[in-house]
Amino acid sequence: MYSPPPDPDTEHRMRTHHARAATALHVQVEPGGEFWGWAGRTLGAPARTADGQPAWLRLVSTPQDKASGKLWDGTLDAQHAFGDLDGHRPALLAVHDVVDDGTAYRAELSRRVDQPVLTDDPILQHALQLPDSWWQQLGGALEKVATVDTDRVAVRQQYMDRAIPEYVGIPAPTDARWTTAHADVHWANLTAQPLQLLDWEGWGQAPEGFDAATLYAYALLQPDTAARVRTAFPILGSPSGLAAEATVCAQLLQTVSRGDNLVLEVQLRAWSEELRSR
């Protein structure tokens, strides 16, 4: 999704450090196509490497004392764990870190993904016609992700114990099988052909089926696509998928309670009723 530039001071600092990172990593930033993240925390732009290869240079900023942990290291950890995921993940080429006046800046240089994402919004607002091969590729990529051992955590049992009873109205399952998840699989993080899965900041352990449940949740306004998600991922609707479905449903209903994702409220409440009836 598009985010406007931040306040002028933050914009100046981000642009300055983005340019310095380009010099340090020996890339040439190309005009046009820049992308600001939430509150100016990130700034990305197309670039070319010294040998002419298309790349993407993304700068992330955070207070110096917070420059560690799951989100800060997510992309770098993902490169070590998955590489390019058989061509379905943009490979990380280089990282450049600096600290300036109490703020940490990390520049991540990745292979450029030239094809657009499926939608500009995580919530699917229109019908999609994707070939069976795309669904097979997505299923295969998520299966490979699920098998990777990691101590990174995307969802905690403590959260499930608290949120599922409050927002879904059932006890939190305690027998979930935990696997590794991308943990942010929505329609604005996916491309068509070739399939690319973007945004690896938050990956880690989650209940089995978590990625499928997330994709399903964000398709709820499009019943045909939501049904296609269930066909592609038969864990949805099964006893073994209950923990993941209830967790995702609770997460999004919690955002609704805070005034976000209101367009999904009716569908999420219907989903929670279906989960209670199992």
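Predicted model: local features only at pLDDT ≥ 70, side-chain atom pairs only at ≥ 80, totals over all residues.

Modeller: Residues are numbered from 1 along each chain as its sequence is written, and side-chain values use heavy atoms, with hydrogens and water left out.

Colleague: How many aromatic pairs does a search of the whole structure find?

Modeller: Rings of Phe, Tyr and Trp (its six-membered ring) pair if their centres lie within 6.5 Å; planes under 30 degrees apart are stacked, over 60 edge-to-face and the rest tilted. Searching the whole structure that way, the number of aromatic pairs is five.

Colleague: What geometry do Phe82 and Trp203 have as an aromatic pair?

Modeller: Their centres are 4.9 Å apart, with 65° between the planes. By the angle, that makes the pair edge-to-face.

Colleague: How many residues apart in sequence are the parts that this pair ties together?

Modeller: Helices (H or I, at least four residues) and strands (E, at least two) are DSSP runs, numbered from the N terminus. Phe82 is in helix α2 (residues 70-82), whereas Trp203 is in the loop between β7 (178-181) and β8 (204-207). So the pair links parts whose separation in sequence is 121 residues.

Colleague: Is Trp203 buried or exposed?

Modeller: Buried means under 20% relative accessible area, exposed over 50% and partly exposed in between (1.4 Å probe, protein chains only). Trp203 has a relative accessible area of 2%, so it counts as buried.

Colleague: Which ring does the charged end of Arg89 sit over?

Modeller: The test wants NZ of Lys or CZ of Arg within 6 Å of the ring centre and within 35 degrees of the ring normal. For Arg89 the distance to the centre is 5.5 Å, and the ring belongs to Trp200. Together with Phe82 and Trp203, one aromatic cluster includes that residue, Trp200.

Colleague: Which residue has its backbone oxygen 3.1 Å from a polar atom of the Gln222 side chain?

Modeller: Gln222 lies in the loop between α5 (210-217) and α6 (223-232), and at 17% relative accessibility it is buried. Leaving aside neighbours within four places in sequence, its contacts (heavy atoms within 4.5 Å) are Leu124, Gln125, His126 and Ala127. The backbone oxygen at 3.1 Å is that of Gln125.

Notes:
Polar contact = N/O pair within 3.5 Å; in protein donor to acceptor, adjacent residues only side chain to side chain.
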